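The sequence and structure are shown first.

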Amino acid sequence: MSEYEILRLIWWALLGILLIGFAVMDGFDLGTAALLPFVGRTDTERRIVINTVGPVWEGNQVWFILGGGAIFAAWPMLYAASFSGFYLAMILVLATLILRPAGFKFRSKLENTRWRTFWDWALFAGGIVPATVFGVAFGNLFEGVPFGFDGDMRMHSTISLLGLLNPFALLCGLVSLSMIVFHGASWLNYKASGMVKMRASAAMLYAGIAFVVLFTLAGMWLGQIDGYQIVGAMAHDGPSNPLLKTVTRVPHGWFANVSAHPALLLTLFAAYGGVVLAVLLRRFPGYAMLCSALVPAGTIATAGAALFPFLMPSSSEPGASLTVWDASSSSLTLAIMLGCVVLMLPVVIAYTTIVYRVMRGPVKASDVEDSHSAY
Amino acid sequence: MDIVELSRLQFAATALYHFLFVPLTLGLSILLGIMETVYVMTGKAIWKQLVQFWGVLFGINFAMGVATGITMEFQFGTNWAYYSHYVGDVFGAPLAIEGLMAFFLEATFVGLFFFAWDRLSKIQHLMATWLLALGTNLSALWILIANGWMQYPVGARFNADTMRMEVTDFMAVLFNPVAQAKFVHTVSAGYVCGSVFVLAISAMYLLQGRYKEFAKRSMTVAASFGLASALSVVVLGDESGYTAGQNQKMKIAAIEAMWDTEPAPASFTLFGLPDLAAHKTNYEIKVPWVLGLIATRSSDQVVPGIDQLVDQAKGHIANGVLAYRTLQQVRAHPKDAALRTELDAHVGDLGYGLLLKRFRPDIENATADDIAKAAASTIPDVPVLFWSFRFMVGIGFWFIALFAVAFWFSAKRQLDRYRSFLWAAVLTFPLPWVAIELGWIVAEYGRQPWAVVGVLPTALGVSSTSASNVLFSLLGFVIFYSALLVADIYLLQKFIRLGPQETIELPEDAT
């Protein structure tokens, strides 16, 4: 393998790791926000819910920002095509994510009930909309989206919001939502106290069942969708120009990788096993939390392994599909960015761990009622 | 309006909103660090209360900075897809590093700053506060490295196989002199903003006769830090002018409304009314030598005027047409080495050739008339730049004067003695934001018609989405951000009015 090919493979893996980092770390506080109106009935209960993530949600959200920055740096064509192609969906996600910082910070600053209720629902929207839309986007990747490039590599597309909201993609959106809600419920089971914790524990069971059913349905449906396949040999270290290959659609194509490498089924087991173990271990919330982190990790790894080497298949001009081999940055940029990640990400993980240790222990009613700094 | 205008309007609106909050975050984070350092060193409780009170205001502002910042990270992809493709290999890296090195740091330690007063030792909490300040300042560094490359694109070359710019020398991108100057100028402006914020609110308390000990201590910190920062903004703003003189001659000529090259050293126009049709500036009041000294750091080098720069642009554009024509042949015959050599000879001006796309799609057939039009399009908006720059600089000098007086009074322990000084401080409150937004306009509106100077015209950078989509998102952002801004200002003024006593529930005898 050439150096460029190895770098592309590493950056494909890093793309997955960053998405998993986002889904695991930001996922539980999106899930927490999605559960906010239901597991918290009184104002104090809702403040408990919000303050379980209060000190950490901002750091978690950087996984999302970093995901965007890293895709920009390592897969600029994917960044350009996906964010502009899914324009209105992305604007919707941004709008609801913008509500979150204000929601956390502003909500409890005034004693007004209508003010607080408004921000509770804003936080709720900021939880469910991104969780669902990212699932819908992934669903559309499996079906392919209509786009191509002209000679200047300018993208043209006929992607419409209604086209994105097709039944299979919506199902994937629900898979994603149930996965995030499950993980959020697991977090509240770990970090909250009193009635909130009990309701969260019950929510884990319902969300877990929903996830298993929906994930299984999506998997069965995926078998009915024609996958994409590169025709003939393709240089893995050629220039990043997605117009130099031929791609065809094949029945059951998305199962080709797992047929060739059955070990990939481990990702599937991680997702299912994470649900079962987390539900069984609800009385040991720390361990349950670690197990529920396996669910987004396994789900994203399953999707990524099925799509490989495709990043964003084109349904209208399959040859223009973006793949690992022709949509990356230059080898120099990939190498420099790899160095940055290797140097800096361990430091980030180290101080994040310290912060979670400092803030350890459940959030109780007295913590929010006696504090001027609590949200 | 077409998609280019809508996309530019959306970018400008979201950036200007974002930049209402970021400078205050930059300045207040350092001021919090200074105040908490004094607390740890002296052990006096009032300094902890200072940190906590200004911290509440910092937190409200920080949330808005984060909220409006999310859009900035993703807007390149949603609205500037061709730009993202064309320069992502270079421009994406500092953005990703910003996330890794800076955003994680500030966002993680901001949690400890607010939530861990009772869980950390004094020294540990102080470290958390300084790491938060470090994170905010590092994020300014990386985003200005990215922006500096748009102003002065070093360390990269065009690759015909991928149809984009690619990094050749990452160190050159990092140590870009424009980026360095911009970083120091921008963070200093943020420090001034934070200092004015603290100074003005404290002056209001003194005028009202409330929280005297609180306010005087705050003003002392703000006055000394503010004076140093205000001097730095102007001195190192001059540094920005110098580098602009080297590589963005058109911007500086437009700021000066200098249509014709003057014999060196050029004079600085203090006042004038630029006449766009006649290419001259009426009623000029000039200060001899100053511009030449600022822009070239010499008394014998020439600062070129707008008309001469337009003439030079014609040559670059004609060369750019050759580059574009050769590029088409290279893409048709990728294995022909002779064609590639020919492309290398012209490719430096490819960006200038692309300016023609606004006037005709088939730029390889451009006429002399098209080239003249494209060359004229390199002139930015002269009156807007001329006046924005002058108001910004005028406000900058006012800050130096105000902070110098405040510093003098604080040294003589007379901060609460002169009501006229306190009123001046209160009335200065909005000026940092005016100066900062004007600075953004000079730097970025003044960069037009380029997204990346000499490399990619702004008009080509847009996404291929529909104009109605962008209109929808633009209106959405404006309504959304305005509502958030109203909530933000309401909360800020509420806590400022309540003062430290009620905001952080001080013990009764604290002040």
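A crossing of two helices is called left-handed if the near helix is turned anticlockwise from the far one by less than a right angle, and right-handed if clockwise. By that convention, α1(A) makes a left-handed crossing with α13(A). The model is predicted: local features need pLDDT of at least 70, side-chain atom pairs count only at pLDDT 80 or more, and totals for chains, interfaces and linings use all residues. Residues are numbered from 1 along each chain as its sequence is written, while chains are lettered from A and ligands numbered from 1 in the order in which they are written.

**Helix α1 of chain A and its partners**

- Helices (H or I, at least four residues) and strands (E, at least two) are DSSP runs, numbered from the N terminus.
- The axes of α1(A) and α13(A) lie 10 Å apart, and the two helices pack at an angle of about 45°; axes are lines fitted to C-alpha atoms, for helices over the stretch in contact, and angles run from 0 to 180 degrees between N-to-C directions.
- α1(A) and α13(A) are therefore oblique to each other (angles under 35 degrees count as roughly parallel, over 145 as roughly antiparallel, 65 to 115 as roughly perpendicular and the rest as oblique).
- To this contact α1(A) brings A:E3, A:Y4, A:L7, A:R8, A:I10, A:W11 and A:L14, and α13(A) brings A:S331, A:L334, A:A335, A:L338 and A:V341; two residues are in contact if their C-beta atoms, placed from the backbone, lie within 7 Å.
- The contact of α1(A) with α13(A) comprises nine nonpolar, one polar and two charged residues (Ala, Val, Leu, Ile, Met, Phe, Trp, Tyr, Cys and Pro count as nonpolar, Asp, Glu, Lys and Arg as charged, and the others, Gly among them, as polar).
- Helix α1 (residues 3-39) of chain A also meets helix α6 (residues 113-143) of chain A, where the axes come within 7 Å and cross at roughly 130°.
- The crossing of α1(A) with α6(A) is left-handed.
- Among the residues that make the contact of α1(A) with α6(A) are A:L30, A:A34 and A:P37 of α1(A), and A:W121, A:F124 and A:I128 of α6(A).
- By class, the contact of α1(A) with α6(A) has 11 nonpolar, three polar and one charged residues.

**A:V129 in helix α6 of chain A**

- A:V129 is part of helix α6 of chain A.
- A:V129 counts as buried, with 21 C-beta neighbours inside 10 Å (a residue is buried if 20 or more other C-beta atoms, placed from the backbone, lie within 10 Å of its own, exposed if 12 or fewer, and partly exposed in between).
- Neighbours within four places in sequence aside, A:V129 contacts A:L92, A:V93 and A:T96.

**Contact between chains A and B**

- Chain A contributes 62 residues to the contact and chain B 59 residues.
- α13(A) supplies the largest share of the side of chain A that touches chain B, 13 residues.
- That side of chain A has 40 nonpolar, 17 polar and five charged residues.

**Local features of chain B**

- Strands β1 (residues 156-159) and β2 (residues 164-167) of chain B pair in the antiparallel sense over four bridges; two strands pair if DSSP finds at least two bridges between them.
- B:R157 has B:E166 as its bridge partner in β2(B).
- Four residues separate β1(B) and β2(B) in their hairpin, and B:M163 in the turn has a positive phi of about 55°.
- Helix α8 (residues 249-256) of chain B is largely enclosed by the rest of the structure, because seven of its eight residues are buried.
- B:A257, with a positive phi near 50°, follows α8(B).
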